[in-house]
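Hi,

Here is the structure I promised to pass on.

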Amino acid sequence: MARAKLDEVTKIFTEDDGSEVVAVDDVTLDIDDGEFLVLVGPSGCGKSTTLRMVAGLETITDGEIRLDGTVINDVPAKDRDIAMVFQSYALYPHMSVRGNMSFGLEESTNLGDDEIAKRVEESAGMMGIGDLLDRKPSDLSGGQQQRVALGRAIVRDPAVFLMDEPLSNLDAKLRAQMRTELQRLQNELDVTTIYVTHDQTEAMTMGDRIAILDDGELQQVGTPLECYHRPKNLFVAGFIGDPPMNFLQVTNEDGTLIDHSFEYPLPPQVASAVEGTDSLVLGVRPEDIELEPDQSRADDHTISATIDVVEPMGDENVVYLRLADGATVARPDLAEQDAAEGTDVNDAAVEGSDDAKGGIAGESRSTIIATIGGMQHFDDGQDISIRIPPDAIHVFDADSTEALHNRTLQDADAVPGI
Ligand code: ADP
Ligand code: MG
């Protein structure tokens, strides 16, 4: 067991043409002994590179990686007491399951044959593959192969587990089952684990803490519910949660949020939190939006909308709503891209809205999403009011993308990890 620390770690790749790619940018992370840390972010954000530096499979351009206080930058991979599990399983095809699991121990330890056999049987039992030990990988299902890959890591009894999208090749049902199984196993073994995924559901459900990475930069580190309820910026707010948080581009006029089609007065403490910032993004999660069929009951915090499509999920309905013309749904992905190019989020949201570049919401302009109970019935095309409860709103600075205000939690003590 060990405490793993990344101290201002940077990785720059130099391409053949001499251009540089900053894959990991000044990342600092402190992973506690026995902690399950999930490193999450979109494809290409630097997750695998980070993990590979910890494993010793990639050199470190700048910064330090420590295990229990000892800098391991120059320690060869085989001497790091770390076991890594890959998405591709990376099993030796010509070896039996037993051979795959015992190979590492035979190579890198001086354990006797009996001890190795005992450990392999134990780990195989733990992974539920005890009866498959004499099979070849080609005679196993994908799920079974992944169990062998995990078993091979466990058998080494390492100080740290590194897992790079280990469940991505499994079908949805098996993935859900393995999620809980892996958590139980990690609890039992109590081995420090860094688990990489692009899947926010895995991050939310598995991590003691999650570290959210975008474009090589760490955005936030916290418990899953902390990141969900108290996102530090637009990126985290849009990345964590499914369906994602809704974003509306607004201007702040003396504590009232103004859009072409609505005015939303802020509660006093929120107004003071955003005072002096004109260009804002209003965020609200789909489950917090209330649908009011009787438009005569509109109040200060309702907005007119039309129901576009209702997707019945059984337990809940996902309702896609169109706001009155002129309302602008902010697109944080564009905000980020364009911030780099020096334009502001306002222009980006308007100009870039129709050619969906796979925005965080994945939705075009003026669509917002509400989730409601499965028994609540609405019709496509129905005109309604949507109520955005003031205590559920998040407000972001549209230029810096930083959160200026996060929702209030009625009973924060009841939310574990906050
Ligand atoms: P993730 O695992 O989050 O999808 P990676 O860590 O694989 O992301 O990649 C991060 C960035 O580094 C990407 O832009 C990727 O193209 C780049 N990259 C990764 N490996 C190399 C390499 N060997 N040479 C050049 N660029 C690389
Ligand atoms: Mg990767």
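Let me start with the ligand. Around ligand 1 you will find F13, E15, V21, A23, P42, S43, G44, C45, G46, K47, S48 and T49, where a residue is listed if one of its heavy atoms lies within 4 Å of the molecule. Three of these residues have polar contacts worth a look, a polar contact being a pair of N or O atoms within 3.5 Å. T49 puts a polar side-chain atom 2.5 Å from an oxygen atom of ligand 1. For K47, an N or O atom of the side chain is 2.9 Å from a ligand oxygen, while C45 uses a polar backbone atom, 3.2 Å from an oxygen of the ligand.

Before the rest, the ground rules. This is a predicted model, with local features needing pLDDT of at least 70 and side-chain atom pairs counting only at pLDDT 80 or more, while totals for chains, interfaces and linings use all residues. Residues are numbered from 1 along each chain as its sequence is written, chains are lettered from A and ligands numbered from 1 in the order in which they are written, and side-chain values use heavy atoms, with hydrogens and water left out.

Now the helices (DSSP runs of H or I, at least four residues; strands are runs of E, at least two). The axes of α4 (residues 142–154) and α5 (residues 172–189) come within 12 Å and cross at roughly 15°; axes are lines fitted to C-alpha atoms over the stretch in contact, with angles from 0 to 180 degrees between N-to-C directions. That makes the two helices roughly parallel, the label for angles under 35 degrees. From α4, G143, R147, L150 and I154 make the contact, and from α5, L174, Q177, M178, E181, L182, L185 and L189, with contact meaning heavy atoms within 4.5 Å. By class that is 7 nonpolar, 2 polar and 2 charged residues, with Gly counted as polar.

α4 also meets α2 (residues 97–108), where the axes come within 8 Å and cross at roughly 30°, so α2 and α4 are roughly parallel to each other too. Here V97, N100 and M101 of α2 meet V148, G151 and R152 of α4, which gives 3 nonpolar, 2 polar and 1 charged residues.

The peptide bond from D242 to P243 is cis, with omega near -5°, and P243 sits in the loop between α8 (234–239) and β11 (246–253). D26, in strand β2 (residues 20–31), has a positive phi of about 60° although it is not a glycine.

Cheers

Note on methods: Angles under 35 degrees count as roughly parallel, over 145 as roughly antiparallel, 65 to 115 as roughly perpendicular and the rest as oblique. A polar contact is a pair of N or O atoms within 3.5 Å; within protein, one must be able to donate a hydrogen and the other to accept it, and residues adjacent in sequence count only if both atoms are side-chain atoms.
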